[in-house]
Amino acid sequence: MEQHPPVPLSDEEVVIKTLVDKQFFGEIVDRYEAKLTRYIARLGVRNTDDQLDLLQEIFLKVYKNLNGFDTSLQFSSWIYRISHNEAVSWYRKKNVRPEGHLIADSEELLGFLSAKDEAADIDFDKTVNAKQVNAALLRIEDKYRQVLILRFFEHKEYEEISDILKIPIGSVGTLLHRGKKQLGTELNQEALRI
Amino acid sequence: MEQHTKKTKNNLKASLLKQIEQEKVVPRSRLFFRCQECFVWTLWLLSVLVGALAVAISLFVVTHHQYALYEATHDNFLTFMVSVLPYLWIIIFATMVGVAVYNMRHTKRGYRYSIVTILASSIVLSFAAGSTMQYFGLGYSLDSLFGKQMSMYMSQAKIEKQLWQAPHDGRLIGQQVLATTAPTTTVIFQDSAGDRWVLNVSELTSMDLYLLGSEQTVRLLGTASDSTAKHFHACGVFPWVLGQAMKASELSKERQAFISRVYDHKDRSKERLAKLELAVFEETDEPSVEEAEGVCAHIAPVRRIEASMH
C-alpha cells in the first residue's frame with residue numbers, strides 16, 4: 001500500500017496548536033522569519049541588529065495577540081500587518097526615514113520588470129538598474145511605496161494588501177495606479193540625472 | 001554566510017521561546033479581544049443612537065408648523081430658516097456621524113468598506129432611526145425635556161415664545177383673561193411676560209374672537225398702539241399648539257388660512273377707502289383716512305405678504 005507523505009499543517013492550524021502548546025510557536029518563527037526580515041528590510045530597516053530587535057518585538061506581539069487573530073483573514077496577512085505597524089512605529093520612535101536598498105539584487109529587479117504584468121505598464125526606460133529603482137522608490141510618497149512593495153516585491157494579492165494595510169480593496173487599486181505613475185516619473189527623472 | 005544566517009535564525013527562535021518561558025508571556029485571552037470588539041461596536045451604536053436623537057429633534061424643529069406663519073416674524077423664508085435652524089443638533093449629528101465612521105473603521109473588518117459606504121450607512125441609519133423616533137413624538141418630548149431641565153437650552157417652546165413675545169414688533173403670546181361684551185367691548189390679554197394689555201379687537205374676525213375667547217394660549221398679531229399704557233391693536237389670532245404632529249396638507253391649510261386672513265386686511269382697507277370716497281361725495285360725516293383704512297392694513301406682515309404676492 002502506498003504511503004502518502006504527511007500533509008504539512010496550515011498556518012491557522014499551527015496557531016491553534018500554539019495556543020495549546022507554546023513550543024509550536026517556533027514553527028511560526030521558522031515559517032516567517034526570512035519573509036519578515038526581507039519585508040522589514042524593504043520597508044527600510046537595514047541594520048541587522050535593528051532587524052533582529054524589530055523581529056523579536058514583532059514575534060512577541062504576534063504571540064501575545066494570537067487569540068485576536070481573525071480566522072477569516074489569511075495568517076500571513078495578519079502577521080504582515082503587525083510587521084508593517086511595528087516597522088512604522090520603529091521609524092517614529094527612532095525618528096528616521098527609510099533607507100535605501102529596497103531591491104536587493106538584479107534578480108529582484110528583473111522580477112519587478114517582467115514577472116508582474118501590471119508592472120509593465122509603468123512607463124520608464126527598461127535599462128534602469130536596481131540602484132535607480134531604489135532611489136526612485138525612496139522618493140515617492142510612503143503610501144505608494146508601501147503598496148508597490150507589497151504588490152511587486154512581496155507578490156501579495158489586492159485582498160491581502162487590503163488586509164495588511166487595513167484599507168479598502170478599491171483604495172489598493174487607486175494607490176497602485178498612482179504609485180506606478182509616480183514611480184514612472186521618478187525613474188525617468190533618475191535616468192535623466194544619470 | 002549561510003552558516004551565519006542559520007545561526008541568527010536559530011538564535012531568534014530560541015531567544016523568543018526563552019523569553020516567553022522566562023517572562024511567562026501568555027497570549028491575551030479571547031475575552032479581551034471580544035470585549036475590545038464589543039466596546040468599538042457599542043461606541044458605534046451609541047453614536048448612531050445619539051445621531052438619531054439629533055435627527056429626531058432636528059426633524060421636529062424643521063417640520064414644526066411654525067413656518068406656516070413665517071411672514072409674521074421674518075422678512076422672508078431664508079432669514080426665517082437661518083434664525084430657527086437647530087444648529088446645536090446639526091453639529092451634534094455631524095459629530096456623531098464622524099464618531100460612528102471612526103468606530104466602524106476600527107471594527108475587525110471595518111477597513112474593508114470605503115469611507116463613502118460607511119458614511120452613507122451611518123447617515124441613513126441615523127435618519128431612519130431618527131425619523132422613527134420623531135414619528136412617535138420623541139423629538140418633541142426630548143426637546144421640551146431639555147428645555148425644562150437646562151436653562152441654557154433653547155427648546156422650540158422657548159424659541160417660539162421669544163419670537164412671538166415681541167410687543168414692539170407687533171407680536172404677543174398669552175391668553176385672554178377678561179372680556180366685557182358690547183357695546184363697550186374691552187378685552188384684557190395677559191402675555192407670557194405677565195403684562196396685561198387692553199386689546200382693540202375691532203378688526204378681528206369672528207373666528208379670531210372665538211379663538212381668543214377660548215382662553216387658550218394664543219399668538220396675537222397686530223401693533224402696540226400705546227406701549228406705556230399697554231394698548232394693543234389686534235389684527236389676527238392664531239393658536240399656539242406645540243408638539244402636535246401635522247401633515248403636510250394640514251400645514252398647507254394653516255398657511256393658506258394665515259395668508260388669507262392677513263391679506264384680508266388689505267382688501268378690507270380698499271373697501272373702506274371706497275366707502276370713504278362715497279362718504280366725501282355724498283358729504284356725509286366722513287371718518288379720517290387712517291380710520292377708514294384700518295391699522296391692520298399697514299402692519300409689517302401684511303406688507304410682506306403683499307410684496308411676496310406681487
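In the predicted model, residues 24 or more positions apart account for 64% of the contacts in chain B with a separation of 6 or more. Chain B comprises 310 residues, of which 28% are buried. Its secondary structure consists of 12 helices and 5 strands.

Strand β4 of chain B, spanning residues 218-226, pairs with β1 (residues 171-180) in the antiparallel sense, over 4 bridges. Strand β4(B) also runs antiparallel to β5 (residues 231-239) of chain B, to which 8 bridges join it. Residue B:L221 of β4(B) takes part in both pairings: B:R171 stands opposite B:L221, and the partner of B:L221 in β5(B) is B:G236. Strands β4(B) and β5(B) form a hairpin with 4 residues between the strands, in which B:K230 takes a positive phi near 60 degrees. In a regular strand, side chains alternate between the two faces of the sheet.

Contacts between the two chains involve 20 residues of chain B and 24 residues of chain A. On the chain B side, the elements that give two or more residues are the helices α1 (2-22) and α2 (30-63). Helix α1(B) gives the most, with 9 residues. By residue class, the side of chain B that touches chain A divides into 9 nonpolar, 5 polar and 6 charged residues.

How values were computed:
Residues are numbered from 1 along each chain as its sequence is written. Chains are lettered from A and ligands numbered from 1 in the order in which they are written. This is a predicted model: local features need pLDDT of at least 70, side-chain atom pairs count only at pLDDT 80 or more; totals for chains, interfaces and linings use all residues. A residue is buried if 20 or more other C-beta atoms lie within 10 Å of its own, exposed if 12 or fewer, and partly exposed in between; C-beta atoms are placed from the backbone. Two residues are in contact if their C-beta atoms, placed from the backbone, lie within 7 Å. Two strands pair if DSSP finds at least two bridges between them. Ala, Val, Leu, Ile, Met, Phe, Trp, Tyr, Cys and Pro count as nonpolar, Asp, Glu, Lys and Arg as charged, and the others, Gly among them, as polar.
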